[in-house]
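Good morning. Please have a look at the structure on the screen, and then I will go through some of its side chains and how they pack.

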Amino acid sequence: TVYRWISLNVNANPFDRELSRKGLVFQMANKLVDSIQMEVRSTQPCRKEFDFTVPADVVKGETANTLREIAAQVSLPGFRPGKAPVGLIRSKFENELKDELQRKLIYAAFELAGKDEANDIVTCGVEGKPELKFDEEFKFTIGADVAPEFEVGDYKSVKVEIPVDAVTDEQVEERVKFYRSAYGNYTEVEGPAQAEDMLKVNYKSDFAAPEDASAAVKRQLEAENTFLWLSEPETIPGCIAALTGAKKDGEYTFEAAYPADYREAALAGKTIKYTVKVLGIQRRNELNDEQLAEKARVKSIEEFRDMLRKAMEQENAAKNHNEVLDAVYKKLSDMAGEFELPPNVLQAEIQKELQKIARDTVKSEEDAEKFKKEIDAHRAEAEKAARAALRKTFLLRKIARLEKITLDQKEVDAQLRDMSRYYGYKEKEFRDMLEKNGGMDDLQLDLINAKVLNQLAEAAVK
């Protein structure tokens, strides 16, 4: 088993956090933890192995303690609860006793390894399958990925100067023009169709839909009394070029070349001939000042312009903030130089990035076959993204420790509320979903990274 922890409090003991998260907290007596012998070996960069030896007398004593705990909880025929002979309990529940005892000793070892902050363990797991024998010395090894060692440099001296772009009158008018059109109504027009027009049409194709074709595919191949917009994204590939200049009651044919990654697999990569009958042409009318103000629910066009300017200034401020964050992180990264990454953590992150690429690119069986053929290129892309993400995490994690920057539960809860509303889930459902798929760790990582970087950025622009 590999245990991984991402903490609300980056300074907390990692073993305490992991045990608490899994509901496996044991109140380890200091005597038990201190009775275990530990040797540490560095096997490669960011990798350590902890060799533990539990002396026979400690195993014997803890066996007796655990046996009493089990005896107090079980009932056997002919004996009052908690009164069955210890020897009978030991023979009847030998496997349960061994499992519980081994778990206690291993978690005590986790506690011991986690006492030394110099180890800075990120993930760990028991190597092999250690065998516990009652009343005998118990030996086992825990392998652990540890945080990389590097110098962060004088991060407090980082300064950046990126001015916020001013909002010009021309930009405001461009935005006003957009809304004049966006809020406008379509009306029937005479004459040839133009770009951005909406055509009422009947169309059909020369492609025979598969018997199991979806309703969406069938509609894409043939439809009556429907609308085609001569704007991007195209409803049918090539329709803008083919139907610009079309006239009412005219009939037009053209070939549509569907891209290989088209959303409907049945049409992906196909070239299909269409016949389109134009039933009518509609064009959006731009609104005048009074109409636009009414649509926007403001008193005047001047008020609307002021509203747009403020919104655009906020957009520029947000863009500037992101540029500052990027610039600050680049300086931090340059100061830190190159450093190794924990091997198991890196492999897990690569796999996660590879799964993201697969989700984005594989939409059909054909896509899956193509993905397999290009797996080396995808893996290289995933590794590049994984290394960048982990480098950022460990760099900001170290600064968080130095500056004692932590998260509290209120910050996490607030983010969960916002995200659940955004995605349309009940908060508890969203929380449960994240906890089941491991997303809670990623959420906390994102929050602590953002908190550290925001504090550094704030200091960098003063």
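Glutamate 349 counts as buried, because its relative accessibility is 11%; buried means under 20% relative accessible area, exposed over 50%, and partly exposed in between, with a 1.4 Å probe and protein chains only. This is a predicted model, where local features need pLDDT of at least 70, side-chain atom pairs count only at pLDDT 80 or more, and totals for chains, interfaces and linings use all residues. Residues are numbered from 1 along each chain as its sequence is written, and side-chain values use heavy atoms, with hydrogens and water left out.

What does glutamate 349 meet in a salt bridge? Its partner is lysine 352, at 3.5 Å from N to O; a salt bridge here is a side-chain nitrogen of Lys or Arg within 4 Å of a carboxyl oxygen of Asp or Glu. Lysine 352 is partly exposed, at 24% relative accessibility. Both residues lie in helix α11, three residues apart, which is about one turn of the helix. Helices (H or I, at least four residues) and strands (E, at least two) are DSSP runs, numbered from the N terminus.

Besides Glu349, the buried residues of α11 include Val345, Leu346, Ile350 and Leu354. The buried residues pack against β4 (121-126), β5 (138-146), α12 (365-373) and α13 (375-403), with contact meaning heavy atoms within 4.5 Å.

Next, the other salt bridges. The whole structure has 31 of them. In helix α14 (residues 409-423), aspartate 418 and arginine 421 are three residues apart, and their side chains meet at 2.7 Å, N to O. Aspartate 418 is partly exposed at 42% relative accessibility, while arginine 421 is exposed at 59%. In helix α15 (residues 427-437), arginine 431 and glutamate 427 are four residues apart, and their closest N and O atoms are 3.6 Å apart. Salt bridges that share partners also join Arg41, Glu49 and Asp51 into one network.

Now the aromatic rings. A search finds 15 aromatic pairs. Rings of Phe, Tyr and Trp (its six-membered ring) pair if their centres lie within 6.5 Å; planes under 30 degrees apart count as stacked, over 60 as edge-to-face and the rest as tilted. Tyrosine 179 and phenylalanine 304 are edge-to-face, 5.8 Å centre to centre with 80° between the planes. Tyrosine 179 is in helix α6 (residues 169-182) and phenylalanine 304 in helix α10 (residues 301-336), so the pair ties together parts that are 125 residues apart in sequence. Phenylalanine 304 is buried at 2% relative accessibility. Phenylalanine 254 and tyrosine 274 are stacked, because their planes are at 20°, with the centres 5.9 Å apart. Phe50, Phe52, Phe138 and Phe140 form one aromatic cluster.

Last, confidence. The chain averages a pLDDT of 88, and 94% of the residues score at least 70; pLDDT is the predictor's confidence in each residue, from 0 to 100. Over residues 1-29 the pLDDT is below 50, and this stretch has 74 contacts in the model beyond near neighbours in sequence. Where pLDDT is low, the predicted coordinates should not be read in detail.
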